Amino acid sequence: MVGDPGFVPKLGSRNQQRAVISELFEQWKFDEENFCVSCMVRKPLRSKHCKRCGRCVAKHDHHCPWIDNCVGANNLRHFVLYITCLEAGIILFVHLTFSYINILPAPTEAKCNIINETLCDFVLRDTFTIILDLWVIIQLVWVTMLCAVQLVQISRNQTTYENMRGHSIDRSYPSSRAFASALAAGTTSLDAAGLSSTGQGPNPALAHGPQRPIRRHGCIQQWSSLLGVDTFFATARDGLRDGPRAARPKNPFSRGCITNCRDFWCDASPYFGKREPGSAMLGGEVVNYNRMYEAPLRMHSGMGGSSGAYRSLAGEDPEQNV
């Protein structure tokens with residue numbers, strides 16, 4: 001709750017901010033996908049600006065109201081352990097309380113007007129514990145869905161934010177369109193014209209079309225999002241979707257179910273202790289999501305060997321790699 005979920009470090013001076021903006025302009029990448037106007041930093045891949053925390057979070061999963069903190073690169077494994085232990089704790093609690101009620105003496109002359117005598121005899125032994133069990137079982141429903149979603153996403157090397165977006169981190173749309181839309185809107189900040197769904201600048205897809213009214217979510221939708229029901233059904237729908245897998249948006253960070261799980265659970269960083277901010281495993285290699293601006297590519301060694309090493313295209317001329 002009080003730990004750093006993976007906040008992207010802010011720049012120390014205006015000169016550094018100016019240098020980053022100039023570099024993005026030179027690369028035609030000064031847009032909402034690559035720059036956060038709230039934090040004034042270049043946004044790494046898989047990061048997102050959290051309005052509640054007021055910071056960009058590396059490998060942003062979601063903002064959890066139950067821990068009042070974001071879940072990101074630094075605490076995602078802690079969060080999964082937390083909900084897994086919560087799932088086991090609820091099941092053990094219900095089992096123990098029912099065993100406790102079974103050994104209580106039956107009440108004399110038990111009478112109930114609504115339920116039958118057998119159930120009435122059971123309920124009157126400890127009514128408060130029975131009601132508490134019913135409430136805990138209700139909580140077990142959404143905790144189970146949350147555990148299922150997180151375990152599936154771990155096997156895919158996918159975050160909740162990417163899952164709800166269709167796990168696409170495609171930044172390959174023409175940056176000139178983003179730059180042109182910024183000039184057309186007269187801003188690259190949080191103005192109303194051309195705001196994206198993340199609320200962080202002009203969206204090239206909306207800049208030249210009619211503005212859509214802001215839709216306010218109803219009470220049912222808010223609770224669905226709060227309890228993770230929408231994420232659960234989105235994950236199930238993605239797993240049961242018909243059609244060829246090639247038609248789905250490709251996840252460049254997935255290295256197969258076994259490798260993804262090994263990277264997550266067997267990360268060399270300590271479970272409880274000081275760790276390098278933003279560090280994680282990807283395909284057996286140590287990466288840092290605080291400084292990842294290009295998707296790493298798996299490169300194979302020349303003479304039939306496959307080393308599985310990674311390299312990034314940042315700072316290279318794309319035309320030389322064709």
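Predicted model: local features only at pLDDT ≥ 70, side-chain atom pairs only at ≥ 80, totals over all residues.
Arginine 42 lies over the face of the tyrosine 293 ring, 4.5 Å from the ring centre. Then select arginine 77 and tyrosine 271, where the arrangement is again an arginine over a ring face, here at 3.8 Å from the ring centre.

**Aromatic pairs**

The count of aromatic pairs comes to six. One of them joins tryptophan 66 and tryptophan 142, a stacked pair with 5.1 Å from centre to centre and 20 degrees between the planes. To see what this pair links, colour the loop between β5 (62-64) and β6 (69-71), which holds tryptophan 66, and helix α4 (residues 127-156), which holds tryptophan 142. The two residues are 76 residues apart, and the pair links distant parts of the chain.

Next select Phe25, Phe30 and Phe35, which ring pairs link into a cluster.

**The annotated transmembrane spans**

Which residues does the UniProt annotation "transmembrane region" cover? The unreviewed entry gives 79-101 and 134-155. Select residues 79-101: the span is 100% helix and 0% strand, and its end C-alpha atoms lie 33 Å apart. Residues 134-155 are likewise 100% helix and 0% strand, with end C-alpha atoms 32 Å apart.

Stay with these helices and pick valine 80, which is found in helix α2. Valine 80 counts as buried because its relative accessibility is 1%, below the 20% cut-off. Leaving out residues up to four places away in sequence, valine 80 touches Gln150, Ile154, Phe264 and Trp265. Draw a distance from the C-alpha atom of valine 80 to that of isoleucine 154: the separation is 9.5 Å, although the two are 74 residues apart along the chain.

Now move to serine 155, in helix α4. Serine 155 is buried, with a relative accessible area of 18%. Its contacts, not counting residues up to four places away in sequence, are Gly256, Cys257, Asn260 and Cys261.

**Helix α10**

Asn260 leads on to helix α10 (residues 257-265), where the buried residues are Thr259, Asn260, Asp263 and Phe264. Look down the axis of α10: the buried residues fall within an arc of 130 degrees, so they line one face of the helix. An α-helix has 3.6 residues a turn, so residues three or four places apart point the same way. What do the buried residues of α10 pack against? Show α2 (76-102), α4 and β7 (279-282), which are the elements they pack against.

**Cysteines**

Finish with the cysteine sulfurs. The number of disulfides comes to zero. Select cysteine 36 and cysteine 56: the sulfur of cysteine 56 is the nearest cysteine sulfur to that of cysteine 36, at 3.4 Å, and cysteine 36 is in no disulfide. Cysteine 36 is buried, with a relative accessible area of 0%.

Cysteine 85 is also in no disulfide; the nearest cysteine sulfur belongs to cysteine 147 and is 9.3 Å away. Is cysteine 85 buried or exposed? Cysteine 85 counts as exposed, at 55% relative accessibility.

Key: Residues numbered from 1 in each chain as written. Heavy atoms only, no water. Disulfide = S-S within 2.5 Å. Buried < 20%, exposed > 50% of the residue type's maximum accessible area, 1.4 Å probe, protein only. UniProt positions renumbered as here; feature names shortened; annotations may be inferred. Helix = DSSP H or I, 4+ residues; strand = E, 2+ residues; numbered from the N terminus. Phe/Tyr/Trp six-rings, centres within 6.5 Å; stacked < 30°, edge-to-face > 60°. Lys NZ or Arg CZ within 6 Å of the ring centre and 35° of its normal. Arc of directions from axis to C-beta. Contact = heavy atoms within 4.5 Å.
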